[in-house]
Structure formats: structure tokens, C-alpha cells
Amino acid sequence: LGYKGRQLWFHLASQVFTEAEVRASVVFQLSSLLAVLQKAARTAADCDEWDAIVAGEAVGTLVEVGSMEEAKLAAGGDTVLLVRSATGDEEVGAMGGALKGVILCHSLPHLSHLGVRARQERVTFATVEDDGLLQSVVRPLVGRRIKLTAGAAGVQLSEYDGPAASGEGASAAASAPGSPAASGGTINKAKTPELLKLADAKAETCGAKAAACAALERSAGSQYLTPKGAVFPFGTMDLAIQEANVEKDYEQLLEKAETADAEEVATICQQLQDLVSQLRPDASVLASAGKELGAKTRAYVRSSANVEDMEGMSGAGLYESVPDVHAASAEDLGAAVAQVWASLYTRRAVLTRRAAGVKQSDASMAVLAMEMLAPQASFVLHTASPLDRDEKTLHAEVAPGLGETLASGTRGSPWRLVVDKASGTTTMTSFANFSSALVAPTASSKAARFQLVSKTLDFSKEDLSRSADARSQLGQKLSKIGVALEDAFGGPQDVEGAIVGDDIYIVQSRPQP
């Protein structure tokens with residue numbers, strides 16, 4: 001054997017040896033057995049292998065892709081995607097009206113940002129994990145015209161040669177040009193550097209998200225608490241652009257972003273992000289933020305754009321949130337604020353605004369810096385059913401650690417609770433099975449700047465897995481909070497919160513799509 005021959009032999013031998021060792025291990029054998037038992041248990045319990053995320057009816061050609069980013073939808077070519085993997089960052093609206101439905105080949109939290117975005121765009125969405133069903137029922141339909149129906153009663157998939165579904169065309173961006181969401185609304189930009197206390201945030205100066213957090217802070221009391229915060233208002237980025245003397249370059253790139261084709265826009269967006277990420281708020285404002293939040297506070301630095309958290313345009317997960325920021329460090333806080341500003345110009349953000357009829361020059365970013373909590377668990381709740389809009393029930397998903405596990409669409413299932421608002425009766429529809437939780441780094445953690453760390457979970461020690469009383473008590477608490485938030489904000493809400501000891505914190509509430 002020559003050198004290359006010996007390399008190939010060594011590679012194949014290593015592969016065979018490694019696979020043999022893995023398959024011979026007790027862990028592998030137990031995992032295989034549990035997979036069989038899980039399938040048998042689902043069959044015995046008459047559980048559907050499908051999971052409806054967004055209700056609706058979709059008709060189109062079934063196209064299989066590795067990820068949604070790989071999909072290239074021809075104009076007018078109605079499509080249902082069979083997606084092998086999703087990260088949760090995908091932007092449904094940017095794919096245009098040709099996307100009618102999605103079938104995802106793994107589980108997904110119902111209330112994740114991806115689920116919310118699909119619901120906002122009225123794209124029918126279902127998941128299925130069973131390989132047998134995928135091979136025998138779903139994949140044989142790839143390349144054919146199919147009908148996908150999803151709802152509270154289940155999911156149906158079949159070949160279809162009839163007329164278009166009655167709901168087709170609804171998946172075009174929900175915000176029509178000229179609507180308040182499409183224009184970004186009226187805003188007032190700061191003319192001089194300033195920092196606003198969270199309680200003083202208003203939609204016209206700080207965006208709908210910050211204004212909602214201010215309302216939450218004012219109404220907090222016996223039922224829930226809110227983290228402290230401060231806001232860098234609209235205009236702060238404009239002042240930084242002027243200070244850096246890059247107005248001309250910035251305006252030229254914005255103009256190009258309006259009309260660039262799909263290939264050019266990626267380059268232009270990167271140039272915009274590079275330019276904006278070098279900016280910094282005024283030093284006096286950063287110092288004020290450090291004092292307002294506290295010298296020892298670790299902060300979440302979050303977006304509050306004028307084109308998110310609105311009726312018709314939730315923008316869920318569209319812009320950046322930066323965790324574990326040392327609030328008293330002007331260097332860290334300034335870099336985190338710039339990172340959030342730069343997220344206004346990611347490719348998917350720009351394309352989403354274009355699809356919604358929002359001019360790039362109309363988009364503006366305020367930044368909300370909030371105390372970072374260290375919760376035992378985090379939750380997302382919809383105060384009306386996400387499938388059929390039943391306002392008599394509240395639907396909550398809960399996961400250990402920080403909320404990114406839920407919001408980002410991490411593979412796995414959360415604790416899923418359905419609560420009758422009138423009686424407080426809590427029904428558990430799934431138990432959490434995430435392998436790990438995202439938590440704040442400790443002094444001994446080897447975490448990169450602005451990064452969370454992963455913690456392996458042991459569900460035998462989690463009260464929500466062990467105790468029906470704990471589940472019932474949490475369901476009743478969340479139901480009361482959900483009703484209070486509906487009353488405060490005038491309709492069904494999409495709420496994010498955290499459980500810290502015996503306290504419940506609400507960190508965000510926006511209109512439920």
C-alpha cells in the first residue's frame with residue numbers, strides 16, 4: 001500500500017472500529033430500546049405522530065430541502081416545504097407568498113419565534129418525527145401537488161389535484177404598504193444624547209417593545225415582577241453615525257438595499273452591519289446606563305425597533321438580543337448596543353421589511369437594556385389558543401433555564417400546559433425532554449463574550465416533571481397573569497417570562513398573532 005492507500009485503510013478501519021464500539025455500548029442499546037418503546041407507547045396511547053404548529057390548509061408542490069434557507073421559491077409557484085432541520089432563526093415572511101406550508105422533520109416548541117412568524121404570515125405548519133411515516137407517507141409525495149391540513153383535530157396530508165385552497169394567498173406579508181406597521185409609525189428621535197428610564201419609555205420614542213415593558217413595570221405587583229431596565233431611544237444611532245462622519249456611506253448603502261437582488265443584498269447587508277457595528281453611543285449615555293442598572297448587574301441588551309411587536313408585524317426574533325453584558329462596562333455595553341443596531345440590517349431583516357412594504361430608511365432601532373435574570377425556568381404563553389384562537393384557554397410552554405431554548409426553536413419538547421381561564425384547571429399535554437438548558441455563565445465558565453452556556457438536565461429533579469401539584473399551581477398563576485395582561489393591553493397576548501424562586505417575572509408582552 002502507498003501512503004494514500006494506508007491513509008484510506010486507516011480511515012475505514014477507524015470508522016468500523018468506532019461504529020462497532022458505539023453500537024456495542026450499553027447507552028446505544030438502551031437508546032435503541034427506548035426509541036422502540038416510545039413508538040409503542042405512542043401507538044398504545046393513540047397519539048398522533050403529527051404535531052400541528054399553525055392551523056390552516058395549504059396546497060402546493062411538496063419540495064424537500066435541508067433547511068428553509070436552501071429553498072428558492074419561484075414567483076407564483078405555490079410550495080409546501082418538507083424541511084429536514086430548522087434552527088428557529090428562519091424568517092418566513094422573507095420567502096414571499098409562494099410559501100403555503102411547512103412540514104418540519106423534528107419537533108418544535110409551538111410558541112417558538114419560528115412558530116409565531118409562521119402564524120403571523122398564515123403559513124400552515126406541522127411537524128413529524130417518525131421516520132417510518134416520513135418514508136412511507138410524506139417523501140413519496142415530494143414533487144407532487146399536495147394538500148396539507150393542520151388544526152386542533154390533527155394533521156392530514158394527501159396528493160391533491162383539486163382547486164386552490166380557500167386560504168391560499170394569505171401567506172403574503174400581513175402588513176400592506178401604507179399600514180401603520182408598513183410605515184413604522186410616527187417616531188420622535190432624540191436630538192442630543194440621552195438615556196431614558198424604562199418607566200418613561202413610549203412607543204414614539206423607544207418602540208412598542210420598550211413601551212410595553214414600561215407598562216409592565218408600572219402594573220407589576222403581587223402577581224408578577226419585572227426586571228429593571230433603561231432605554232437608548234430612537235435617534236441614538238443617528239447621533240453616533242453623525243459623530244463617526246459616515247452619514248454618506250450609510251445612506252448610500254440603505255438606498256442600495258431597497259432594490260438589490262437576492263444575491264447583491266447579502267453583500268450590502270454585510271457592509272451595513274460592518275459599518276453600524278463600529279458605532280458607539282455617547283460615553284455619557286453609557287455611563288448613565290451603568291449607574292441606572294447597577295455596578296454588578298449583568299444585562300440583556302435587546303432590540304426595540306419601530307417595526308416589531310406591532311399588530312400585523314410581530315418581528316419575533318428578527319432582531320438581536322445580546323446576553324450577559326456587564327452593565328457598568330462602557331466597552332461591553334457599547335459593543336452590545338452596536339450589535340443590536342447592526343441586527344437591523346441582517347439579510348432576513350431587510351428582506352422581511354421589503355416583503356412587508358417597509359422602506360429601509362423608515363426602520364429605526366431603540367435599544368432596551370434590562371437586568372438579566374437567573375431563572376430556574378422560563379416560559380412563553382399565548383393567552384388564546386394558537387391553533388383555533390379559543391380565548392377560554394391559555395397555552396403555556398415552559399423550559400428549564402433561560403428562554404432562548406423555547407424562543408429559538410431548540411429541538412425537543414417543553415412542558416406544555418393548557419389552562420382553563422375560568423376554573424384554573426391545568427392539563428399537561430407534553431413533558432419536557434430537552435437534553436440541556438441555556439444558563440448564564442458563572443465565574444468558572446469558559447464562555448465566549450456575550451454567550452450563554454449549556455447545562456445538562458436531570459428531569460428527575462425537576463418539580464414540573466415530578467409533581468402534579470407544581471404543574472397545577474403554575475398553571476393557575478400563569479392563567480391569572482395572562483388574564484391581567486389581556487385586560488391591560490386590550491386583547492390576546494404573546495408573553496415571555498421567567499420563574500425565579502417563588503416569583504414570576506414578565507419580560508415581554510406583545511399582541512398575539
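This is a predicted model: local features need pLDDT of at least 70, side-chain atom pairs count only at pLDDT 80 or more; totals for chains, interfaces and linings use all residues.

Biologist: What does helix H6 span between its end C-alpha atoms?

Modeller: Helix H6, residues 203-219, spans only 17 Å, whereas a straight helix of 17 residues would span 24 Å at 1.5 Å a residue.

Biologist: Where does H6 bend?

Modeller: The bend is at lysine 209 and amounts to about 80°. Lys209 is also among the buried residues of H6, as are Gly207 and Ala210.

Biologist: What do the buried residues of H6 pack against?

Modeller: Their partners include helix H15 (468-489), strand E10 (298-305) and strand E20 (503-511).

Biologist: Turning to the strands, in which sense do E6 and E7 pair, parallel or antiparallel?

Modeller: Strand E6 (residues 145-151) and strand E7 (residues 154-159) are antiparallel, with 6 bridges. They form a hairpin with 2 residues between them.

Biologist: Which residue in E7 is the bridge partner of threonine 149?

Modeller: That partner is glutamine 156.

Biologist: Now the backbone. What is the phi of aspartate 324?

Modeller: Aspartate 324 has a positive phi of about 55°, although it is not a glycine. Most residues other than glycine have a negative phi. Aspartate 324 is found in strand E11, residues 321-326.

Biologist: Is aspartate 324 buried or exposed?

Modeller: Aspartate 324 has a relative accessible area of 11%, and the cut-off for buried is under 20%, so aspartate 324 is buried.

Biologist: And where does arginine 389 lie?

Modeller: Arginine 389 is in the loop between strand E13 (377-382) and strand E14 (393-400). Its phi is also positive, near 65°, and arginine 389 is partly exposed at 38% relative accessibility.

Technical notes
Residues are numbered from 1 along each chain as its sequence is written. Side-chain values use heavy atoms; hydrogens and water are left out. Helices (H or I, at least four residues) and strands (E, at least two) are DSSP runs, numbered from the N terminus. The expected span of a helix is 1.5 Å times one less than its number of residues. The bend at a residue is the angle between axes fitted to the seven residues ending there and the seven starting there. Buried means under 20% relative accessible area, exposed over 50%, partly exposed in between (1.4 Å probe, protein chains only). Contact means heavy atoms within 4.5 Å. Two strands pair if DSSP finds at least two bridges between them.
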